[in-house]
Amino acid sequence: MTTVTQEDITSNTKTIIQGLETLKNEHHQILNGLLTSMKSIKRENGDTNLTEEKTNRLKKSLETIELGLSEAQVMMALANHLQHVEAEKQKLRAQVRRLCQENAWLRDELANTQQKLQFSEQKVATLEEEKKHLEFMNEIKKYDGNDPQTQSGTEEKEQDQSTQSLDLGFPDDDEDGPQPEVLSPSQPSAMAQAASGGYEIPARLRTLHNLVIQYASQGRYEVAVPLCKQALEDLEKTSGHDHPDVATMLNILALVY
C-alpha cells in the first residue's frame, strides 16, 4: 500500500474542488432550463410531473455538490493549518537545537570559570599565608632592634663576663659580698633543652625559639617576654589552644619568666 503525502492530499482536494465547482455550474444551468420549460408547460396546461421530478433530483444533486464543496474547503483549511503547525514545529526544533548548543557552551564556560575560581582561591590562600608569615617576621624584627641602651648594657655584661672569665677564682680584697650570677656558655643550650620538652621544635618556631633563648641568655628579658607572649597569642589564634606548638611556646615563656 502506497503512502499518500500531505501534498498529494492537498493537490487532489484542489482538483476535486475545481470539478465540483464545474459540476455545480452545470447543474445550475440545467435547473434553470428545467424551470423555464416547466413554466412554459404550465402555460400550455400540460403535464409537469416529469419536469418537477427532474428538478427535485437536480436540487438534491446540487445540495450534495455544495456539501462536498464545503467539506473540501474544510480539508483545505485543515491542510493549511497543518502546514502552519509543521512550520512552527520546525522553527521550535531549530530553537531547541540552538538552546542546546548555547547550554553546552554555558556549561563549558561555567566549568572554566569554576577552575579559575579554584585557582584564584588557592592563590589567595597562599598569599594570606605569606602575609601572615611576613607579619610574624616583622614582629620578630621589631623586637630585634639594637637600641643604644641595649647595646651599652650588652657591652657592659660582656665586659663583666670577660673580667669574670679572667678571674682565677680568688675573691677580691675589697669585695666580701655576694658575687653576681654569671651565665655559663652551656646555659642557653640547657634552656633550649628545657623549653623543647623532649621533642623536636617545629621549623616555624625554631627561629623564634633560638631568638628568645639568645635574649634570655643575655639577660634581655624585657625583649624576650613580650616576644613570647605575642607569638603565643598568634599560635592560639591560628592553631588552637590544644596544639603542641602552643605547649612548646608556653614552656619557652615559663622558662624566660
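**Exercise 1.** In which sense, left-handed or right-handed, does helix 6 pass helix 7?

*Solution.* The model is a predicted one. Two packed helices are described by the angle between their axes and the distance between the axes. The crossing of helix 6 with helix 7 is left-handed.

**Exercise 2.** Determine which residues form the contact of helix 6 with helix 7, and classify them.

*Solution.* Helix 6 contributes Tyr221, Val225, Cys228, Lys229, Ala231, Leu232, Leu235 and Glu236. Their partners in helix 7 are Asp245, Val246, Met249, Leu250, Ile252, Leu253 and Val256. By class, the residues of this contact comprise twelve nonpolar, three charged and no polar ones.

**Exercise 3.** Describe helix 6 itself: its span, its buried residues and what follows it.

*Solution.* With 19 residues, helix 6 reaches 26 Å from its first C-alpha to its last, close to the 27 Å expected. Its buried residues are Val223, Ala224, Val225, Leu227, Cys228, Ala231, Leu232 and Leu235. Just after helix 6, Gly240 adopts a positive phi of about 100°.

**Exercise 4.** How many helices and strands does the chain hold, and what share of its residues is buried?

*Solution.* The chain has seven helices and zero strands. Of its 257 residues, 20% are buried. Among contacts between residues at least 6 apart in sequence, 69% join residues at least 24 apart.

Notes. Residues numbered from 1 in each chain as written. Predicted model: local features only at pLDDT ≥ 70, side-chain atom pairs only at ≥ 80, totals over all residues. Heavy atoms only, no water. Left-handed = near helix turned anticlockwise from the far one by under 90°. Helix = DSSP H or I, 4+ residues; strand = E, 2+ residues; numbered from the N terminus. Contact = heavy atoms within 4.5 Å. Nonpolar A, V, L, I, M, F, W, Y, C, P; charged D, E, K, R; others polar. Expected span 1.5 Å × (residues − 1). Buried < 20%, exposed > 50% of the residue type's maximum accessible area, 1.4 Å probe, protein only.
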